[in-house]
Amino acid sequence: MADWVTAVVPAAGRGVRMGTGVPKQFLTLGDIPLLVHALRTFEASLIISEIILVVPQDDCQYCRETIVPSHGLTKVSQVVAGGRRRQDSVLNGVQAAKSTTEILVIHDAVRPFVSSMMITQVVEAARQHGAAIVAIPMRDTVKQVNPDGVITHTLNRDELWLAQTPQAFRYELLLQAHQQGKADEVEATDDAFLVERLGRSVAIVQGSSDNIKVTRPEDLHMGQAILTAKRSASCP
Ligand code: C5P
């Protein structure tokens, strides 16, 4: 099926760093669970054909019966169980996608402020180059530090970018990259790395400093501030 674009949204983390009993993706931001913000943006994107949501095994039923229907997420075609690491969860989602999928877009559920424009641009770049990610240029100076707490290098900031999600790939390329990563027992904190190690190039699409990852309690405060600013900008 040409032009079929599937979003895989990993939301199967345990939220250990958040220090709450509830996984962070189910905490409330504004008036809805954190993961619903990103899911709504993917739902509304005209470029997205379907969404595969990956959640902890124990939350599959809650998501199928409550989260998905109560937030009108009609494009969520499957809710699948995640794995131990993020890359295991993404692979479960990728393997659930149909083999006729053209492009897979991977987006962390805990980045609530993904925009429709980012999704469109990263998918278009993946169609052109095979693989593309949203990223922002590094503004701070970055030091490499040894275990004794002493600086060993100052890196060239002009060459450094911070990787975000969404990240988009041609279907066969991402499936191959994940399967190879698994066979080689590679640890990967994002999907692009698994593609890079195959020697394939990955394009960059400009992201946004608002596209934060909510990982720690203070990120939730930052998320609330961004949400308030966005809401007052849209309703002056
Ligand atoms: O691990 P990290 O904090 O970078 O999480 C990024 C995303 O990956 C989150 O949306 C989280 O729920 C998801 N994740 C997952 N399965 C895991 C670990 C993290 O789906 N085992």
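In this predicted model, the lining of the second largest pocket comprises 6 nonpolar, 6 polar and 4 charged residues. The pocket holds about 350 Å³ of space. Its lining amounts to 16 residues, and those nearest the centre are Ile136, Leu162, Gln164, Ser208 and Ser209. Two elements, β7 (131-137) and β10 (161-170), each give two or more residues to this lining. The largest contribution comes from β10, with 3 residues.

Salt bridges form the next topic. The model contains 9 salt bridges, and three of them are set out below.

| Salt bridge | Closest N to O distance |
|---|---|
| Glu187 and Arg85 | 3.1 Å |

Arg231 belongs to helix α7 (residues 217-234), whereas Asp31 sits in the loop between β2 (28-29) and β3 (32-33), so the pair ties together parts that are 200 residues apart in sequence. Arg231 is partly exposed, at a relative accessible area of 40%, while Asp31 is exposed, at 61%.

A salt bridge also joins Glu187 to Arg85. Here Glu187 is found in the loop between α5 (171-183) and α6 (191-196), and Arg85 in the loop between β5 (76-81) and α3 (86-96), so this pair ties together parts that are 102 residues apart in sequence. Glu187 is exposed, its relative accessible area being 57%. Glu187 and Arg85 are also members, together with Asp88, of a network of salt bridges.

The cysteines remain to be described. The count of disulfides is 0. For Cys60, the nearest cysteine sulfur is that of Cys63, 7.1 Å away, and Cys60 takes part in no disulfide. A disulfide requires two cysteine sulfur atoms within 2.5 Å; because the sulfur of Cys63 is 7.1 Å from its closest counterpart, in Cys60, the separation is too far for a bond. Cys60 is buried, with a relative accessible area of 5%, and Cys63 is buried as well, with a value of 0%.

Note on methods:
Residues are numbered from 1 along each chain as its sequence is written. This is a predicted model: local features need pLDDT of at least 70, side-chain atom pairs count only at pLDDT 80 or more; totals for chains, interfaces and linings use all residues. Side-chain values use heavy atoms; hydrogens and water are left out. Buried means under 20% relative accessible area, exposed over 50%, partly exposed in between (1.4 Å probe, protein chains only). On a 1 Å grid over the protein atoms alone, a cavity is a set of points where a 1.4 Å probe fits but cannot get out, and a pocket is an open set with protein on both sides within 12 Å along at least five of seven lines; lining residues have an atom within 4 Å of a point. Grid points are joined across faces, edges and corners, and a volume is the space filled by probe spheres set on the points. Helices (H or I, at least four residues) and strands (E, at least two) are DSSP runs, numbered from the N terminus. Ala, Val, Leu, Ile, Met, Phe, Trp, Tyr, Cys and Pro count as nonpolar, Asp, Glu, Lys and Arg as charged, and the others, Gly among them, as polar. A salt bridge is a side-chain nitrogen of Lys or Arg within 4 Å of a carboxyl oxygen of Asp or Glu.
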